[in-house]
Amino acid sequence: MKPLWLFSVMVILLAMGQCPCLSDAAQDRVRVWRDQVEPNWAPDSQRFWYRVDLPDRNREFWVVDVKQQQKKLAFEQEQLSIVWKNIDAAAKGGLQRLPKIEKLSFRDDHESIGLHCERGGLYVWNEKTGEFLIEQTPNQAAANSRLFMPPRSSSNGGETCDITMVNRLNRPVEVLWVDGSGNYSTRGTIRPDAKFVQGSYDGHVWLIRFSETEEVGCFVCVKGQLEFELTPELVENVERRQGTEQNRRQRNRNQNRGRGTQARQSVSPDGSRAAFVREDNLWIEALKANVDATKQRQWTQDGNSENSFRRDASRARLVSMLYDLPDFPEDTPHVFWSPDSKFLLAWQTSRVPERRVVYVESLPGDQLQPKTQSYPYAKPGDPIPIPTPRLFAVEDGREIALKNDLFPNPFELRFERWSEDGRYLFLFYNQRGHDCLRLLKVDLETGDVSAAIDEQSPTFIHYSGKFVLRWLDSSTVLWASERSGWNHLYRYDVETGEVKNAVTQGAWNVRRVERMDQEGVWFYAVGVLPEQDPYHEHFCYASLDGATFRVLTSGDGTHGVQWAPDHKTFLATYSRVDLPPVTELRSAETGELLLEIERAEVSGISSEIESPGPKLPTRFVAKGRDGKTDIWGIVHWPSNFDPTKKYAVVENIYAGPHSHHVPKRFSLRYPTQRRIADAGFIVVQIDGMGTAWRSKEFHDVCHRNLRDAGFPDRVAWIKALAEKYPQVDATRVGIYGGSAGGQNAMAALLWHHDFYSVAVADCGCHDNRMDKIWWNEQWMGELGDESHYIASSNAENANLLQGHLMLTVGEADRNVDPASTTQVVGKLIAANKTFTFLPIIGGGHGSGEGSYAAEKRLEFFKRHLGPPQ
């Protein structure tokens with residue numbers, strides 16, 4: 001049988017919107033509100049207000065009293081309207097209607113509330129006295145919004161306020177505060193049509209500019225002017241004021257700051273010397289006459305273009321995927337001065353040829369003929385730039401030799417810090433293959449290198465997801481490790497290299513650190529409440545001595561928190577895929593529930609699978625391959641589900657070991673899953689063994705074995721689902737995924753074709769030797785003996801294909817080498833296999849989710865799995 005090819009050479013007009021989550025009619029019916037609480041705190045952290053946008057386009061404003069543990073409406077709209085009508089009547093109709101209220105502010109008298117309205121109007125309402133004052137009309141606000149130049153200094157002592165700036169220009173702008181001395185301090189960049197919120201004070205001056213040489217204009221924060229839009233009209237009408245000579249001098253100093261020959265030098269903290277690079281060697285320049293009679297002195301002789309003291313950008317391009325990062329100027333060193341200026345750590349980097357992924361842009365926008373494009377991209381086994389630390393005593397330029405016994409094969413080696421007592425410097429070492437992490441301590445006098453922390457694993461260390469290195473004081477570090485079989489925090493004494501104590505422990509994982517103080521650490525944990533889904537994130541506290549541990553949240557869902565400014569309370573919002581968000585006010589010390597703030601409401605969608613119309617996903621848990629480990633997943637049901645019929649199953653897979661991937665938070669957006677389900681399928685998502693955030697044993701299934709992808713667990717889970725729900729037809733099962741999920745989807749038809757019969761794989765990393773170095777070596781280890789890479793390769797095992805396979809790839813993929821897919825195509829042709837291939841011309845990573853490819857995928861499932869029966 002000859003291979004069957006499908007190329008996209010015809011144009012199909014699809015009547016689909018950009019978000020095919022639900023049909024238009026269904027989307028109009030689905031509403032969720034009270035799901036987001038954005039607290040706006042009073043300075044004393046005892047009150048906050050928030051806004052609720054209702055489905056009828058009305059709004060509610062609520063004020064929460066933390067001390068009283070109560071909430072109430074900030075005002076009654078009807079009462080305000082009556083007062084407004086009386087004011088309007090007194091003004092003989094000049095005020096027109098009550099403006100739409102956008103936000104509130106607390107007033108100093110603790111009784112009044114500022115009402116900030118559309119177009120900058122500001123009014124003050126005192127519910128107790130019934131007073132309604134006008135502080136600023138929209139016309140007054142507009143008059144105050146005019147930009148001016150040149151910049152002038154800020155005046156201090158004003159009340160606090162928030163500025164919300166929206167950039168309506170077609171260029172990004174930089175926002176800078178002009179302090180009381182006329183100095184500039186950048187606060188961020190606003191992209192076109194983006195919003196930027198900044199705390200300020202009345203009287204503070206803000207500068208907006210495109211670049212250091214292209215300033216746009218300034219404005220002053222005045223009480224009530226909280227909404228600020230940067231429009232072309234505003235820029236065109238900047239008021240040019242007479243600036244003082246002091247302003248102009250300061251402005252010139254600010255613009256010239258960082259320019260000239262010193263820009264690429266590294267100056268010592270005491271200002272006496274500067275390091276720079278000349279012809280790839282390290283040089284030192286004396287900046288003070290009494291330091292060195294020789295103004296410039298060469299410190300190294302062994303630098304060359306292949307092993308240079310010049311700061312390296314190649315590794316960032318090759319490994320960190322910053323493809324377009326330019327090289328640093330030739331004289332830029334990569335050095336670190338000790339705080340006392342007595343020592344200098346310099347990095348000498350061995351450069352390597354940069355592998356480049358090459359692809360053809362078939363249909364460029366600016367010419368008829370195709371273009372060849374490329375980008376730098378390191379793959380497993382490739383050499384990468386290696387930094388070598390060189391330590392020097394500054395006074396005499398003497399080099400202090402460092403032995404590399406403890407950092408022989410670095411994937412990453414970086415400077416961490418100098419010790420406060422001036423005796424040591426610390427380096428962080430991540431070994432190639434990712435089975436060893438070390439915090440290295442270097443004696444500045446002798447150059448002796450020892451391991452303050454030495455973390456090793458017989459499999460891999462999940463450095464990209466479970467790494468914590470926080471300095472608690474000059475000699476103590478907070479460190480994360482899975483040595484117990486679970487990810488926990490440990491306190492290390494870097495002087496002795498010993499563990500002081502375990503800060504956390506148990507059959508659960510520390511997910512990420514949120515906040516620390518001198519006594520303890522607040523963090524998110526998963527699996528900490530055994531009666532709940534083990535992926536639910538809960539907020540916790542542990543004292544650094546390990547004596548105290550508290551779970552501060554209890555809701556049956558995954559949590560996110562927002563702190564009060566004084567950190568004594570926090571808002572916790574939790575949800576599940578089948579539970580809309582619930583927001584609570586809790587004590588940061590005990591976790592005590594102080595007040596339920598909001599419980600979201602939903603209409604137009606149901607959690608009952610037999611109810612008509614759109615449905616929320618159903619959570620389902622079943623035992624995995626070992627018959628005892630719980631495997632969690634969710635089910636998406638068709639909107640027109642008929643309980644009398646049997647439906648084919650389509651699994652949406654992504655088994656990347658860097659995390660778990662089944663959604664846990666509430667959402668109405670499942671575009672691909674709902675679209676496939678509503679075409680007559682039951683769509684499932686499952687986290688099998690080999691993914692992260694369960695036990696280390698659970699995670700280690702992926703080690704040198706990415707082809708496993710948790711498939712034995714997935715098969716067991718789907719079979720258990722069919723036992724509970726007779727409408728699930730486990731004899732007709734398809735699968736799809738993209739990127740790592742694309743690799744997984746095709747693998748289903750190579751090694752599990754007795755269960756899966758149809759697969760659609762988009763932009764898959766079908767051979768891990770073809771994909772990015774950092775991701776693949778983390779799970780598969782160093783290339784070395786390639787047998788384990790070959791065993792997991794879809795390309796090398798293409799001859800095992802059974803079933804119906806569709807491959808898609810964007811020809812301009814800049815995440816996974818598109819040749820990873822075309823090599824599979826070549827192997828399938830060589831094996832005389834029947835398959836469908838759809839290249840997306842001009843498409844990038846994930847093009848299989850575009851409207852055309854998604855439609856072809858749906859047709860493929862319909863053709864080979866069939867309709868409900």
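Guide: Start with burial. A residue counts as buried when its relative accessible area is under 20%, as exposed over 50%, and as partly exposed in between. Keep in mind that this is a predicted model.

Now the rings. Searching the whole structure gives 34 aromatic pairs. One of them joins Trp 522 and Trp 563. Their centres are 5.8 Å apart, with 90° between the planes, and the pair is edge-to-face. Trp 522 belongs to strand β39 (residues 520-526) and Trp 563 to strand β42 (residues 558-563), so this pair ties together parts 41 residues apart in sequence. Trp 522 and Trp 563 are both buried.

Phe 641 and Tyr 647 show another geometry. Their ring centres lie 5.3 Å apart and their planes meet at 20°; planes under 30 degrees apart count as stacked, so this pair is stacked. Phe 641 is buried, and Tyr 647 is buried too.

Return to the two tryptophans. Ring pairs connect Trp 522 and Trp 563 with Tyr 524, Phe 539, Tyr 541 and Phe 570 in a cluster.

Charges also sit over rings. Lys 466 lies over the face of Trp 693, 5.0 Å from the ring centre. Arg 694 does likewise over Phe 698, at 4.7 Å from the ring centre.

Next, charge against charge. The whole structure holds 53 salt bridges. Arg 209 and Glu 174 form one through their side chains, at 3.0 Å from N to O. Arg 209 is in strand β15 (residues 205-211) and Glu 174 in strand β12 (residues 173-178), so the bridge ties together parts 35 residues apart in sequence. Both Arg 209 and Glu 174 are buried.

Arg 390 bridges to Glu 399, with the closest N and O atoms 2.5 Å apart. Glu 399 has 37%, so it counts as partly exposed.

Compare Arg 599 and Glu 596. Their closest N and O atoms are 2.9 Å apart in a salt bridge. Arg 599 is partly exposed, with a relative accessible area of 42%. Glu 596 is partly exposed as well, at 34% relative accessibility.

Finally, a network. Salt bridges link Arg 34, Glu 60, Lys 71, Glu 598 and Glu 601.

Technical notes. Residues are numbered from 1 along each chain as its sequence is written. This is a predicted model: local features need pLDDT of at least 70, side-chain atom pairs count only at pLDDT 80 or more; totals for chains, interfaces and linings use all residues. Side-chain values use heavy atoms; hydrogens and water are left out. Rings of Phe, Tyr and Trp (its six-membered ring) pair if their centres lie within 6.5 Å; planes under 30 degrees apart count as stacked, over 60 as edge-to-face and the rest as tilted. Helices (H or I, at least four residues) and strands (E, at least two) are DSSP runs, numbered from the N terminus. Buried means under 20% relative accessible area, exposed over 50%, partly exposed in between (1.4 Å probe, protein chains only). A charge sits over a ring if NZ of Lys or CZ of Arg is within 6 Å of the ring centre and within 35 degrees of the ring normal. A salt bridge is a side-chain nitrogen of Lys or Arg within 4 Å of a carboxyl oxygen of Asp or Glu.
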